[in-house]
Amino acid sequence: MKRTVALVAAGLACSVVAANAPAHAQDTSMSFFVTSANPGKGGDLGGLAGADAYCNTLATASGSTGKTWKAYLSTDAENAKDRIGSGPWYNAKGEKIADDVVSLHSDKNNVTKQTALNEKGEVINGRGDTPNRHDILTGSNPDGTAAAETCGNWTMGGTEGAAIVGHSDRTGLDDSAAAKSWNSSHTTRGGCTQEAFKTTGGDGLFYCFAAN
């Protein structure tokens, strides 16, 4: 009987300790951003490795540490959705973008002009702004899988090739799903140069996600 009472007492004590233990706070530090600038060669990002390195460079310069950054870009061999970890992801102001890969590629995501910020916490110019920079390089279909247009797997920066882009402000010429898509709105035209990207409302920017 004494042993039973002791066990019950010990159990109650553990329950009290557990109830009073501090809950682990969700890490809401930046784990998503739009690049503030293109690396300098248009669609030639140095492949996925070069794009990932650029994401990490920008993140480090902004004060972010301890994360492995991946560019949201697809190639012939890899889907953007498979590169970015499992989430959740937050912007530079701690606002949640999505809980996981599924919600990111659904109507439940929180990618808007006000939340798709660069690594400095700044809003990206959208439709109606001068200049418009809302075309974000992805090379992806709406579900995050690879599209055909990827500027030669992100190695072409000349007058040939094209890339699929999304609209970071979810705004286009009409109310179609494509115009409102953050990751798959239309192809670029006139090649993969920086100047070509500007003709459709872009600046060669791309999304970066923390994969861990």
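User: What is the volume of the second largest pocket?

Analyst: This is a predicted model. In it, the second largest pocket has a volume of about 160 Å³. It is lined by 14 residues, and Ser31, Gly87, Pro88, Ala210 and Asn212 are the closest to its centre.

User: What makes up the lining of the second largest pocket, by class?

Analyst: The lining has 5 nonpolar, 7 polar and 2 charged residues. Gly counts as polar here and Pro as nonpolar.

User: How much space lies in the largest pocket, and which residues are closest to its centre?

Analyst: The largest pocket holds about 250 Å³. Its lining has 18 residues, and the closest to the centre are His167, Gly172, Leu173, His186 and Thr200. By class, this lining has 3 nonpolar, 11 polar and 4 charged residues.

User: Why is the link between Cys55 and Cys208 called a disulfide?

Analyst: The cut-off is a pair of cysteine sulfur atoms within 2.5 Å. For Cys55 and Cys208 the S to S distance is 2.0 Å. The pair meets the rule, so it is called a disulfide.

User: Why is the disulfide of Cys55 and Cys208 called left-handed?

Analyst: The torsion about its S-S bond is about -75 degrees, so the disulfide is left-handed. Cys55 sits in helix H2 (residues 47-61) and Cys208 in strand S8 (residues 202-210), so the bond ties together parts 153 residues apart in sequence. Both Cys55 and Cys208 are buried.

User: How do you know that Cys151 and Cys192 form a disulfide?

Analyst: Their S to S distance is 2.1 Å. The rule asks for sulfur atoms within 2.5 Å, so the pair qualifies. The torsion about the S-S bond is about -100 degrees, so this disulfide is left-handed. The pair links distant parts of the chain, 41 residues apart. Cys151 is in helix H4 (residues 151-154), while Cys192 is in the loop between strand S7 (186-187) and helix H5 (194-198). Cys151 and Cys192 are buried.

User: How many disulfides does the rule give, and what pattern do they follow?

Analyst: The count comes to 2 disulfides. With bonded cysteines counted along the chain, the pattern is 1-4, 2-3.

User: What makes Trp154 count as buried?

Analyst: Buried means under 20% relative accessible area. Trp154 has 0% relative accessibility, so it counts as buried. Its place is in helix H4.

User: What is phi for Trp154 and for Arg170?

Analyst: Trp154 has a positive phi of about 65 degrees, although it is not a glycine. Arg170 also has a positive value, near 60 degrees, and is a residue other than glycine. Most residues other than glycine have a negative phi.

User: What makes Ala178 partly exposed, and which residues does it touch?

Analyst: Its relative accessible area is 32%, so Ala178 is partly exposed. Not counting residues up to four places away in sequence, Ala178 touches Ser184 and Ser185. The loop between S6 and S7 holds Ala178. Its C-alpha atom is separated by 8.2 Å from that of Gly166, 12 residues apart along the chain.

User: How many helices and strands does the protein have, and what pattern do they follow?

Analyst: The protein has 5 helices and 8 strands. Along the sequence they read α-β-α-β-β-β-α-β-α-β-β-α-β.

User: What share of the residues counts as buried, and what area does the protein expose?

Analyst: Of the 212 residues, 44% count as buried. The protein exposes about 10,200 Å², and carbon and sulfur atoms supply 54% of it. Among contacts with a separation of 6 or more, 67% are between residues 24 or more positions apart.

Key
Residues are numbered from 1 along each chain as its sequence is written. This is a predicted model: local features need pLDDT of at least 70, side-chain atom pairs count only at pLDDT 80 or more; totals for chains, interfaces and linings use all residues. Side-chain values use heavy atoms; hydrogens and water are left out. On a 1 Å grid over the protein atoms alone, a cavity is a set of points where a 1.4 Å probe fits but cannot get out, and a pocket is an open set with protein on both sides within 12 Å along at least five of seven lines; lining residues have an atom within 4 Å of a point. Grid points are joined across faces, edges and corners, and a volume is the space filled by probe spheres set on the points. Helices (H or I, at least four residues) and strands (E, at least two) are DSSP runs, numbered from the N terminus. Buried means under 20% relative accessible area, exposed over 50%, partly exposed in between (1.4 Å probe, protein chains only). Contact means heavy atoms within 4.5 Å. Accessible areas come from the Shrake-Rupley method with a 1.4 Å probe; for residues, only the protein chains shown count as cover.
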